[in-house]
There are 4 protein chains.
Amino acid sequence: MQATKIKAGIVGGTGYTGVELLRLLARHPDVEIACITSRGEAGQRVSDMFPSLRGHVDLPFTDPAQANLAACDVVFFATPNGIAMQQTRALLDGGARVIDLAADFRIKDIAVWEKWYGMSHACPDLVAEAVYGLPEINRAEIAKARLVANPGCYPTAVQLGFLPLLKAGVVDETQLIADAKSGVSGAGRKAETHILFAEAGDNFKAYGVAGHRHLPEISQGLTAMSGKRVGLTFVPHLTPLIRGIHATLYARLTKDADVQSLFEEHYRNERFVDVLPKGSHPETRSVRGSNQCRIAVHKPQGGDVVVVLSVIDNLVKGAAGQAVQNMNIMFGLPETTALEIVPLLP
Amino acid sequence: MQATKIKAGIVGGTGYTGVELLRLLARHPDVEIACITSRGEAGQRVSDMFPSLRGHVDLPFTDPAQANLAACDVVFFATPNGIAMQQTRALLDGGARVIDLAADFRIKDIAVWEKWYGMSHACPDLVAEAVYGLPEINRAEIAKARLVANPGCYPTAVQLGFLPLLKAGVVDETQLIADAKSGVSGAGRKAETHILFAEAGDNFKAYGVAGHRHLPEISQGLTAMSGKRVGLTFVPHLTPLIRGIHATLYARLTKDADVQSLFEEHYRNERFVDVLPKGSHPETRSVRGSNQCRIAVHKPQGGDVVVVLSVIDNLVKGAAGQAVQNMNIMFGLPETTALEIVPLLP
Amino acid sequence: MQATKIKAGIVGGTGYTGVELLRLLARHPDVEIACITSRGEAGQRVSDMFPSLRGHVDLPFTDPAQANLAACDVVFFATPNGIAMQQTRALLDGGARVIDLAADFRIKDIAVWEKWYGMSHACPDLVAEAVYGLPEINRAEIAKARLVANPGCYPTAVQLGFLPLLKAGVVDETQLIADAKSGVSGAGRKAETHILFAEAGDNFKAYGVAGHRHLPEISQGLTAMSGKRVGLTFVPHLTPLIRGIHATLYARLTKDADVQSLFEEHYRNERFVDVLPKGSHPETRSVRGSNQCRIAVHKPQGGDVVVVLSVIDNLVKGAAGQAVQNMNIMFGLPETTALEIVPLLP
Amino acid sequence: MQATKIKAGIVGGTGYTGVELLRLLARHPDVEIACITSRGEAGQRVSDMFPSLRGHVDLPFTDPAQANLAACDVVFFATPNGIAMQQTRALLDGGARVIDLAADFRIKDIAVWEKWYGMSHACPDLVAEAVYGLPEINRAEIAKARLVANPGCYPTAVQLGFLPLLKAGVVDETQLIADAKSGVSGAGRKAETHILFAEAGDNFKAYGVAGHRHLPEISQGLTAMSGKRVGLTFVPHLTPLIRGIHATLYARLTKDADVQSLFEEHYRNERFVDVLPKGSHPETRSVRGSNQCRIAVHKPQGGDVVVVLSVIDNLVKGAAGQAVQNMNIMFGLPETTALEIVPLLP
């Protein structure tokens, strides 16, 4: 049914979330990639910059000023923070739907957003309208949304890991700890010294302990799950792997609970959240290249501390894959379309 | 058309070529994975050993003695050398087709094979019958074959790189050099000290300079292309990457030749060999997870030395992907079925 | 003063702690490496196995049965657990001093040791005598010791990170969390599948969440510091780096405390513990190859959770370097002898 | 003899060769680091940028305009190309000796230099005076030099590998091939996209096949050794390791020669060139952090092709270590002072 293909536009196609969107959409049977924009690379073929796309994507980058995004059914923003909020209203008014992979529409409290992102917000009313695109929480709202705020990578891994515990109300929500480790692609494709191979390779460090932009996003989500204001300590770490997030979560049980059953039942019908058998330790590579989140839950030494291990591929379930999942939901397609990918192991 | 699916068996499913075959066959629309054998892991679910397969492959490993391989339409051997030759005759007699990913049927000269592999061959007559499964050379024979010897990883990258030059007869075939670099997965999944992370990581070395088993396989292939006995120096290197082979090939031109055109014309109709634009340097990651070979060709400083750069993913075009390509050809399917994979970059 | 050199023997020289001891002792001006044993490699030159030692160590491995360890002033055990306890009494009786880099003498409660290590202890009385070789805690006892139990790698990083807080009594000792990440060399040089390059590379995972042998060792140490029985959740992770441990420690402050000053004052005179300026994030590579521990301490968002970041090189301060430090103390040498190494960065 | 310490200045201390010079000089008993300059980081302590130097180097960066380099006995330039040539004459006139780790004085033919480096040379007469600082070739001249051009990393590995063959005149000098692989630190510490961790990690590629700046430097050196103009094909590759160069060299023997003996005899008295036993394959990690070059030589299948494997640490023997070796020679110190480093393995 060629005639009914979804016309998709991508704004900002030279970063890792852009090329990952292309990887996924290139094999999507119901999508036509209508255009992909880049100010700096206009005219260059996408596959000249990313030879992995040779034979799969034949488009050149289009200058944003020339791009006919208004003709698209859906526009993905794979841009730095602060771009999508400038262009979204016009696109929505023209009838397109918008999925922002950056942070412009993730945080409902405008003052909090402006503090952490260091700029004034251009369209607070659209923030109010935007649906936070974590399907495992907001599937019904996503289906009706014009504008979806695609979650951050850490927030996806951490929220999916805490969700069953907070929903069930079995942990002390005031003392949550998220010790998270990310592959270096999470820092993007900008040329910066600290993510050079000879800096980040064979090296491990924490960063942003004093405060990271994903903290208010995670706190907002956990508070919504819990119904009570949560207390969260969030420590991200830079890890010498290319893709992957591993979140190690700690909470104190306030009630006796069979946490294994709790997680299995909560995620029974979720195709992209896989609760591993008791005693497991998920590896980041077990989800490499796929939209899967894998979770294991432990009560070490039978005490009252519950430890949740949650892994995703930061570029897929933590970015482009979740965006495609959201698009599938928004357009009434089977949620797994183009996402039935077997992870690449080894 | 469930009824007509090809029943595939895999012998030896616990190594990297085994899990890679499963990754590819799990998404093959015309194949049903009938069984996968392992002596050591019989009864265990494949996805317990390789969690990347959870949700995609639901089979347990079967003990070889219990496996009904005779009921399969095609049997893949992803075993150590010397196993396939023990079982192939019975399978062929029973009507199955066989694709051996090990080396049992690759070398026509039995004495040479026995010298390099250190054992007596169990079925020289089947070696004579076997077709060397490099589709870019032997497509027609593969289509008719009962038994295919799937090429080695180095031999695939090196032969595809030299093929247009030798076919055209424009280089001195007595002085060929292949300086090849392989990711560590090429050494398999056996527990051996030299391929530990703390040994092979952040380290680079040559090995087997005095002689490597892939040398006679490559020489046989190059000699067939050239029509004359070739002289080849082959130096393999172990590289700290997981997947990927990069072959850097050197030859001396004996005739003036537009080597760029030569390569482009030779591979014009090959879906899995991509000749890059003049001046390119293919990266191993540009083929990661895919069945692609990418090639660039140079004449440095306009001299008479031609340098060919050829990259593949050793587990795909160098093993499991080429095996599926061969199967597709043998069973009259479109050659790219289940192989239209966009490489994973980054 | 050649005549007075300390004669050192190393039992078990083929693992990473063995070769690391050799690296350090080879440049120690007051030590003569008298012998190094290996059952499997007897007769082979050490530098044939480890070419990095060519020109620095000229010894062959000696068969343990032939080694004249009794003639040594100090014997290092770089062996698997359970070996040192068989041989220590005789060596001590003969007048040698012993430093065990394995776990035989680390845990005072024999029943606990036997449970976690799965064997009967051969000499409980020597466990009682042994001094736990963490100089920053036990310097005076080490100076008098005949037998030193060299701490584990995780225990070193974790104990040094919690020490000032527990000594000062400013945190809730019942709710400590240690989220620790180790390079793969911490798993040793045994050929095992899970630490192959193609398994552990580009991958991250937790392990041993249900219980790890270093847990009782750490708990014993923290309890001694605190004077009260501590509650500790310890989660180790395998990280794709060769050397390095990063411990991220969480505790709840029970009193208002200037934690930065607390740490700086506690470690003011410790040459091998470096408290970084406020707001820092130590990198594992900043201690690579050196005996240094670097620590930073944070109170995120000014709350009551204190986060300590502690890094060491697991093979140096976490093993061989600390053993040499202990030896220096035991023999009255300047503690830093042979340990004034500038870390290798990048 | 504090009074007689050599006062050393370093111009450009924020790159990898700068920090590596500091690592080595910090432990040099006869050197006082007098100043280290950086335009961008003036005032910052060197150890704030490179925490590995904490406790070893206590200097701040000095603004070049303020630095009293004239008071130094020796000045190292660890700068981009084109800087040293601006400042060297004044320093020499003031009595200092100069060691340039960049390329300003390496190539004698000014026209060739200007073509490859794309600028006019500021002081051709000093190029004529400068001594090429490869001690294994030019030791006597270095001892008398005011100005030393420290060799490039690839040129060091390649020239040391070809030297015995060309000196002995046993190979065809018109058909030399150098297939070289470098760790990513060889590209420096500038923020550039292609050397990001997520670009260069788990990836392998050739680059500069059409022409690399080290080609004329190597050709000049080989031609001097041979006495005849050499023909060289040089292909560099970017390898996912931090430090290390592996050069695989190919030449055709024109005379029967015992190449193993040839190499052993040639390098018998060289402390920093280690010829491995016949049949060896040197690993880059066997020289990590040290000033060593290790070489193995092979004649595969007993033919007339000789294969030389030559490894160095690009930042030590390929840069800062060789510079210190040159300084030792220039100042009459034992050549190995501060360079008796056991490589870091693993």
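This report covers the chain contacts, the nonpolar core and selected helices of a predicted model.

## Basis

Residues are numbered from 1 along each chain as its sequence is written, with chains lettered from A and ligands numbered from 1 in the order in which they are written. Because the model is predicted, local features need pLDDT of at least 70 and side-chain atom pairs count only at pLDDT 80 or more, while totals for chains, interfaces and linings use all residues.

## Chains A and C

Chain A can be laid on chain C by a turn of 180 degrees and a shift of 0.0 Å along the axis, with an RMSD of 0.0 Å (superposition is by least squares on the C-alpha atoms of residues with pLDDT of at least 70 in both copies). Of the residues of chain A, A:Pro240 comes closest to the rotation axis, with its C-alpha at 3.0 Å. The same surface serves both copies, as 100% of the contact residues of chain A recur in chain C.

The contact takes 37 residues from chain A and 37 residues from chain C (two residues are in contact if their C-beta atoms, placed from the backbone, lie within 7 Å). On the side of chain A that touches chain C, the elements giving two or more residues are β7 (176-182), α8 (197-200), β8 (205-206), β9 (232-238), β10 (245-252) and β13 (305-312) of chain A. Helices (H or I, at least four residues) and strands (E, at least two) are DSSP runs, numbered from the N terminus. This side of chain A holds 18 nonpolar, twelve polar and seven charged residues. Here Ala, Val, Leu, Ile, Met, Phe, Trp, Tyr, Cys and Pro count as nonpolar, Asp, Glu, Lys and Arg as charged, and the others, Gly among them, as polar.

## Chains A and D

A rotation of 180 degrees with 0.0 Å of shift along its axis superposes chain D on chain A, with an RMSD of 0.0 Å. The two copies are therefore related as by a two-fold rotation axis. The same surface serves both copies: 100% of the contact residues of chain D recur in chain A.

In this contact, 16 residues of chain D meet 16 residues of chain A. Helix α8 (residues 197-200) of chain D gives the most to the side of chain D that touches chain A, with three residues. That side has ten nonpolar, three polar and three charged residues.

## Nonpolar core

The largest nonpolar core has 486 residues, of which A:Phe76, B:Phe76, C:Phe76 and D:Phe76 touch the most other members. A nonpolar core is a set of buried Ala, Val, Leu, Ile, Met, Phe, Trp, Tyr and Cys residues joined through C-beta atoms within 7 Å. A residue is buried if 20 or more other C-beta atoms lie within 10 Å of its own, exposed if 12 or fewer, and partly exposed in between, with C-beta atoms placed from the backbone. Not counting residues up to four places away in sequence, A:Phe76 touches A:Ala8, A:Ile10, A:Val11, A:Leu21, A:Ile99, A:Leu101 and A:Ala323.

## Helix α11 of chain A

Helix α11 (residues 316-330) of chain A spans only 18 Å between its end C-alpha atoms, whereas a straight helix of 15 residues would span 21 Å at 1.5 Å a residue (the expected span is 1.5 Å times one less than the number of residues). α11(A) bends by about 45 degrees at A:Gln322, the bend being the angle between axes fitted to the seven residues ending there and the seven starting there. In α11(A), 15 of its 15 residues are buried. Just after α11(A), A:Gly332 takes a positive phi of about 70 degrees.
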